[in-house]
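My notes follow the structure.

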Amino acid sequence: MRISFTFLICACMVLASNAQQSQPSNKHFSHTLETSSNPEVIWTIWTDVPNWKDWDTGLKDAILDGELAMESKGKIVSLEGRTSKFKVVAFEKGKSYTFKTNLPFGGLYVKRTLENKAGKTFFTHEVWFKGLLAGVFAKRFGPEFREMLPGVMQNIKEIAEK
């Protein structure tokens, strides 16, 4: 039994390694925009979880248990109907938060950050896969998520600047 488990782990590592080498940019990517809106407006949009579906074109629904804060938990439902649980793993009110969705042998992380540079507001949405099978998940979901991200960010900007 131990040999089989070891073989399985080695096979997964080889798969993950091959997937990472073929498309490394799909494993960790981000998009930043500047807005004329103030940071509080972007923060309000980002922390209004039930309305994420209004600007995230990949979501059918989003549900949060309570307020968005450190260790908050919720669920997101993709357009295809896949439900994934998430947990806030980092939180700095008004500045940034990161949530993690568990994946087999790892996770998908999303970090949203606000910055003020020379009186201008910049907001960044960063996505990365972590863990033993990160490369496999990056190859499967990364291209779609990466392609969708600029449009999602533009949607947020348009809502904020209305």
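I looked up H2 (39–47) and found Ile42, Trp43, Ile45 and Trp46 buried, that is, under 20% relative accessible area with a 1.4 Å probe and protein chains only; exposed means over 50%, and partly exposed lies in between. Down the axis of H2 these buried residues fall within an arc of 160 degrees, so they line one face of the helix; the arc is taken from the directions from the helix axis to the C-beta atoms. Glu40 and Thr44 are exposed on the other side of H2. Helices (H or I, at least four residues) and strands (E, at least two) are DSSP runs numbered from the N terminus.

The model is predicted: local features need pLDDT of at least 70 and side-chain atom pairs 80 or more, while totals for chains, interfaces and linings use all residues. Residues are numbered from 1 along each chain as its sequence is written, and side-chain values use heavy atoms, without hydrogens and water.

I then checked packing, with contact meaning heavy atoms within 4.5 Å. The buried residues of H2 pack against several elements, including strand S1 (28–35), strand S4 (83–92) and H3.

Last, I looked at Gly58, which is buried at 17% relative accessible area. Gly58 touches Val77, Ser78, Leu79 and Met148, leaving out residues up to four places away in sequence.
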